[in-house]
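The sequence and structure come first.

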Amino acid sequence: MCTNSAINVQNSAWVFDGVLESSADLFPLYVQEKLCNIPVALNPRGSREYRDEWMHKYNFKHPDFALWKRYSEYSQTFYVQLQQAFGWGAFQAVFAQYGKLARDQQPRTDEDKRDEWMVRFSRQVGRNLGPFFAAWGVPTSERAQSSIADLPTWMPEELQAFLNR
């Protein structure tokens, strides 16, 4: 039987403040989809209805990172939006990049972890995720944003609808 039990294979280099629970939840979602044939979109925590519910509760006109960190449902929605748009392969490739980093190359501060994740994932998928991070209120540095400015901007349609309100 397939369940949503925790499988903790996180790497502290890509787990920044506010994503501990939601990043851990990625792995059961992956297992359910790949081994149990339950697509993420059909999982209660990955469904469009779930995402809409939590996006309705968030103030995108004044995104609040402290609030985003407090409720894992926001970061869960954030990660599922990335997964639905770019698939598991993007996550696997980025996780593999982190696995190859020497200890002294791994980001240490929370800001560095957010920057590194945004830049690596953006480069992997060939899209500038800076506006996506900003829409959710996830802070990143100007340096990191500038490093991906050459990529076409990406924003999920479901989130764009909330930003246009």
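## Packing of α2 on α4

In this predicted model, helix α2, residues 48-57, packs against helix α4, residues 72-100, at an angle of about 130°. Their axes are 10 Å apart. The crossing of α2 and α4 is left-handed.

On the α2 side, the contact is formed by Tyr 50, Arg 51, Trp 54, Met 55 and Lys 57. Their partners in α4 are Glu 73, Tyr 74, Gln 76, Thr 77, Val 80, Gln 81 and Gln 84. By class, five of the residues in this contact are nonpolar, four are polar and three are charged.

## Packing of α4 on α5

The axes of α4 and α5 cross at roughly 100° and come within 9 Å. With that angle, α4 is roughly perpendicular to α5.

Helix α4 contributes Tyr 79, Leu 82, Phe 86, Ala 90, Phe 91, Ala 93, Val 94, Phe 95, Gln 97 and Tyr 98. Helix α5 contributes Lys 113, Glu 116, Trp 117, Arg 120, Phe 121, Gln 124 and Val 125. The contact of α4 with α5 has 12 nonpolar, two polar and three charged residues.

## Asp 115 in α5

Asp 115 lies in helix α5, which spans residues 110-125. Its relative accessible area is 3%, so Asp 115 is classed as buried, the cut-off being under 20%.

Leaving aside residues up to four places away in sequence, Asp 115 touches Thr 140, Ser 141, Arg 143 and Ala 144.

Definitions and conventions: Residues numbered from 1 in each chain as written. Predicted model: local features only at pLDDT ≥ 70, side-chain atom pairs only at ≥ 80, totals over all residues. Heavy atoms only, no water. Axes fitted to C-alpha atoms, helices over the stretch in contact; angles between N-to-C directions. Helix = DSSP H or I, 4+ residues; strand = E, 2+ residues; numbered from the N terminus. Left-handed = near helix turned anticlockwise from the far one by under 90°. Contact = heavy atoms within 4.5 Å. Nonpolar A, V, L, I, M, F, W, Y, C, P; charged D, E, K, R; others polar. Buried < 20%, exposed > 50% of the residue type's maximum accessible area, 1.4 Å probe, protein only. Parallel < 35°, antiparallel > 145°, perpendicular 65-115°, else oblique.
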